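Have a look at the picture first, then read on.

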Amino acid sequence: MGFDYAPAPESRAVVDIKGSYGLFINGEFTPTIDGTTFKSINPATEEVLAEITAAGSSDVDRAVAAARTAYETTWGRMPGAVRAKYLYRIARLIAERSRELAVLESIDNGKPIRESRDVDIPLVSAHFFYYAGWADKLGYAGFGADPRPIGVAAQVIPWNFPLLMLAWKIAPALACGNTVVLKPAETTPLTALLFAEICQQADLPPGVVNIITGAGETGRMLVEHPDVDKIAFTGSTAVGRAIAKSIAGTRKRLTLELGGKAANIVFDDAPIDQAVEGIVNGIFFNQGHVCCAGSRLLVQESIAPDVLDALKRRMALLRVGDPLDKNTDVGAINSAEQLSRIRELTDAGSAEGADAWSAPCELPDQGFWFRPTIFTGVSQAHRIAREEIFGPVLSVLTFRTPAEAIEKANNTPYGLSAGIWTDKGSRILAVADKLRAGVVWANTFNKFDPTSPFGGYKESGYGREGGRHGLEAYLAH
Ligand code: NAP
Ligand code: MG
């Protein structure tokens with residue numbers, strides 16, 4: 001029997017959500033010229049949080065023009081050491097306002113406060129600190145003695161790590177001397193808008209960072225704008241492909257961070273309790289809304305029954321519910337659309353003959369929720385083994401030999417990440433070498449650090465974000 005926990009809700013009093021928001025262009029919040037409005041909601045309660053502007057084409061023009069002017073008159077000519085001062089200032093302000101940012105992120109996105117507080121926001125601040133350090137050392141980064149910025153970057157990000165994806169995009173772009181126009185996802189614009197206020201607080205010159213909110217159409221107009229020099233996109237493979245097509249034959253440079261279907265491989269000599277923690281972290285972290293989630297468990301056949309028993313026992317202890325409760329492990333699904341996508345794929349899993357097991361837990365009446373679920377009896381041909389579910393759903397497959405594990409792990413159109421659990425260092429090196437994945441974790445999973453490059457193979461995209469590698473996409477070397 002476990003102990004029952006008293007509720008431990010984080011206070012909402014620390015955030016100040018306005019009734020409506022304009023677009024952040026040239027250092028100011030401005031009303032739209034030819035756009036519309038939409039609402040951002042709290043996915044845990046379906047409460048409307050604020051009215052948000054959807055930028056129209058004249059707004060996109062204005063934002064790109066502001067970024068162009070700032071690039072040519074101030075930011076692109078500024079010495080790296082001066083740019084670094086602004087980036088350090090932003091990093092410090094994020095750290096100072098971290099509680100406010102964490103609460104706002106959890107309210108708008110549905111992720112547990114434990115994760116926004118301990119993972120997302122500390123990494124956001126760390127990213128700005130890290131790239132601030134590069135701003136005056138670009139000549140030593142391996143891209144020539146005096147690498148130049150590219151110009152105006154159009155950046156489009158998804159809803160799963162709203163502020164963290166913003167940091168991955170904006171910090172290296174600014175460190176290298178580019179200016180940016182960023183479009184956050186439709187369902188999670190609020191922390192990007194608070195970041196705009198932080199840019200004001202940091203006295204960042206107008207036009208260096210522009211935030212234009214909106215839906216997919218705003219994103220499309222932004223990336224197709226003729227005065228954009230560089231596009232950085234994180235999101236689905238379908239949209240990434242459409243962007244690549246739309247810019248073919250132009251001089252625009254493109255990096256894509258797309259989906260994944262990572263194999264988390266557990267060998268028979270792995271410490272089972274640690275591996276189970278890693279499996280849980282791999283697929284239930286952030287409700288499984290993680291492009292590099294360990295969504296395919298490959299477990300050696302001889303230990304599969306023991307691992308599955310331990311995994312079910314552990315899953316029964318996961319606390320699903322109020323994202324602002326500090327005890328919550330799994331929060332709300334980000335939107336009604338995402339919930340229906342998860343349901344469609346899990347229904348297909350059952351229809352194709354796999355067996356579902358869900359953690360026994362009560363779900364709130366309001367909001368969007370999905371029980372942590374595993375599928376056994378999965379074959380490689382099943383949709384749940386091939387397609388990205390992007391939810392708290394694990395597909396379990398077994399293998400007998402290392403060669404079979406590698407073949408199954410690589411049998412996917414994606415190649416973003418993978419995990420290996422074994423007692424043998426030599427096996428880690430031998431297997432990692434054969435996995436076609438951008439990141440391979442050994443005896444851990446979902447570990448992130450600003451110094452470490454991240455990115456995909458195959459349909460998971462191209463280009464790297466993070467580390468020294470992350471500078472390359474923003475330098476015209
Ligand atoms: P999505 O539809 O591709 O959306 C991503 C972003 O692109 C959003 O801001 C979206 O606006 C915008 N967008 C939509 N259509 C567009 C178009 N035609 N042109 C330009 N921008 C457009 O992806 P999602 O379903 O929201 O996000 C989940 C996906 O992102 C998953 O497949 C996941 O694997 C992937 N992801 C990858 C990484 C990575 O680092 N590799 C990280 C996180 C997520 P709206 O908000 O209005 O849709
Ligand atoms: Mg929202």
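Predicted model: local features only at pLDDT ≥ 70, side-chain atom pairs only at ≥ 80, totals over all residues.

Sorted by class, the shell around ligand 1 holds 14 nonpolar, 9 polar and 5 charged residues. In total, 28 residues surround ligand 1, and the closest are Gly216, Gly219, Gly235, Gly259 and Cys291. Two elements, α7 (216-223) and α8 (237-246), each give two or more residues to this shell. The largest share, 4 residues, comes from α7.

Now step back to the protein chain that forms these surroundings. The chain is divided into domain 1, covering 12-258 + 460-476, and domain 2, covering 263-442. Both take part around the ligand: the shell draws at least three residues from each of domain 1 and domain 2.

How far apart do the C-alpha centres of the two domains lie? They are 30 Å apart. Where the domains meet, 18 residues of domain 1 are in contact with 24 residues of domain 2. On the side of domain 1 that touches domain 2, α3 (98-109) and α4 (113-134) each supply at least two residues. By class, that side of domain 1 has 6 nonpolar, 7 polar and 5 charged residues.

A kink of about 25° lies at Asp120 in α4, shortly before the proline Pro122. What about the span of α4 from end to end? At 1.5 Å a residue, its 22 residues should span 32 Å, and the end C-alpha atoms of α4 are 31 Å apart, so the two values agree.

Definitions and conventions:
Residues numbered from 1 in each chain as written. Chains lettered and ligands numbered in written order. Domains from an automatic or database assignment. Contact = placed C-beta atoms within 7 Å. Nonpolar A, V, L, I, M, F, W, Y, C, P; charged D, E, K, R; others polar. Expected span 1.5 Å × (residues − 1). Bend = angle between axes of the 7 residues up to and from the residue. Near = placed C-beta within 6 Å.
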